[in-house]
Amino acid sequence: MKRALIVVDVQNDFCEGGSLAVTGGAEVAHKIGDLLHHWSQKDPKAPDYEIAVATRDHHVDPGDHFSDDPDFEHSWPAHCVVGTDGEAFHPNLDPQPFDAIFLKGEHAAAYSGFEGTAPDGSSLADWLRGQQVTHVDVCGIATDYCVRATALDAVKNGFDTALLEEMCAGVAPESTSSALAEMRQAGVTLR
Ligand code: VGL
């Protein structure tokens, strides 16, 4: 058994003050930063991850994923545009000791971190398998969109998958509770 932490899209635009702010985003960034601090200090109380990776929304021109009149379900205000501060990790996510960072969504919507690629071109699934990872814990933003899609794809790719519910923030209460139910149904352990 080898466990990895997957930190999904903890970026400025998804936190308070960003263009697609999710309530509680900055607090989630702080909690994950705290976890990463203890983990990187090898604190015996920290979870036993052998690997930590992050995903980032990384848009250039994602077509109708962006809209001037967004419905906040299928279309969104412009966010996480490459080269802007909104695309950067939130400063509360400190430290950022990631073994790899997977970027997604340059020219189309990409909710799942499993659609992302590392700088060497490897996909998240192949990269994790290459590290002999069997178990993943998923956290980040947003519970009802990118976290949901990433956790569901983790299960589909054969990883034993848990969601760190307290380290996630959702766009809307209803879609967040249905996403939690769907993840549980798919075999994700909610922690
Ligand atoms: C996300 C909405 C639009 C997310 C990304 O990271 O969950 N949500 N794009």
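This report looks at one helix, the cysteines and one histidine in a predicted model.

## About the model

Because the model is predicted, local features need pLDDT of at least 70 and side-chain atom pairs count only at pLDDT 80 or more, while totals for chains, interfaces and linings use all residues. Residues are numbered from 1 along each chain as its sequence is written, and side-chain values use heavy atoms, with hydrogens and water left out.

## Helix H1

Let's start with H1, which covers residues 25-40. Helices (H or I, at least four residues) and strands (E, at least two) are DSSP runs, numbered from the N terminus.

Just after H1, Lys42 takes a positive phi of about 55°.

## The cysteines

The whole structure has zero disulfides (cysteine sulfur pairs within 2.5 Å). The sulfur of Cys15 lies 9.3 Å from its closest cysteine sulfur, in Cys80, so it is too far for a bond. Cys168 is in no disulfide either, with the sulfur of Cys139 nearest at 6.2 Å. Cys15 is buried at 0% relative accessible area, and Cys168 counts as buried at 12%.

## Around His59

His59 sits in the loop between S2 and strand S3 (100-104) and is buried, with a relative accessible area of 0%. Its side chain makes a 3.4 Å polar contact with that of His65. A polar atom of the His59 side chain also lies 2.6 Å from the backbone oxygen of Gly105.

Terms used
Expected span 1.5 Å × (residues − 1). Buried < 20%, exposed > 50% of the residue type's maximum accessible area, 1.4 Å probe, protein only. Polar contact = N/O pair within 3.5 Å; in protein donor to acceptor, adjacent residues only side chain to side chain.
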